[in-house]
Amino acid sequence: YQNVPNPATGETRIGYETRENSASARIGIYELDGKQVDMYSLEDRKGEIVLHPGELQAGMYLYSLIVDGKIIDTKRMVVAR
């Protein structure tokens, strides 16, 4: 799902939901040039991760839900100061 709030200045949350038969799921955070910033392993089928964008430079980022090695969805996240 889309991160909330967006743009993010403090804490932001990314909700997710995967199929029951998924072997592995992750959310990857990327700079616009494709450089990976972080990767989060997802233990539960449904939930959310909490990010603290203060660790990131201001700007636009992409994040992708990756299930069983395939990108399922990609969204944009703006980090503001």
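Visitor: Where is threonine 18 found?

Guide: Threonine 18 sits in the loop between S1 and S2. Bear in mind that this is a predicted model.

Visitor: Is threonine 18 buried or exposed?

Guide: Buried: the relative accessible area of threonine 18 is 9%, and the cut-off for buried is under 20%.

Visitor: And what is threonine 18 in contact with?

Guide: Ala25, Arg45, Leu65 and Val67, leaving aside neighbours within four places in sequence.

Visitor: OK, on to the sheet. In what order do the strands come?

Guide: The order is S3-S2-S5-S6, four strands in an open sheet with antiparallel pairing. From one strand to the next, the twist averages 20°.

Visitor: How many bridges join S5 to S6?

Guide: Nine, and the two strands run antiparallel. Leucine 62 stands opposite arginine 76 in S6.

Visitor: What about the largest nonpolar core, which residues touch the most other members?

Guide: Ile14, Ile27, Ile29, Leu42, Ile49 and Met77, out of 15 residues in that core. S5 gives the largest share, four residues.

Visitor: What does methionine 77 touch?

Guide: Not counting residues up to four places away in sequence, the list for methionine 77 includes Ile29, Leu51, Leu56, Met60 and Tyr63, along with Asn3 and Asn6.

Visitor: Last one: what's the mean pLDDT of the chain?

Guide: It's 93, with 100% of residues at 70 or more.

Technical notes:
Residues are numbered from 1 along each chain as its sequence is written. This is a predicted model: local features need pLDDT of at least 70, side-chain atom pairs count only at pLDDT 80 or more; totals for chains, interfaces and linings use all residues. Side-chain values use heavy atoms; hydrogens and water are left out. pLDDT is the predictor's confidence in each residue, from 0 to 100. A nonpolar core is a set of buried Ala, Val, Leu, Ile, Met, Phe, Trp, Tyr and Cys residues joined through side-chain atoms within 4.5 Å. Buried means under 20% relative accessible area, exposed over 50%, partly exposed in between (1.4 Å probe, protein chains only). Contact means heavy atoms within 4.5 Å. Two strands pair if DSSP finds at least two bridges between them. Axes are lines fitted to C-alpha atoms, for helices over the stretch in contact, and angles run from 0 to 180 degrees between N-to-C directions.
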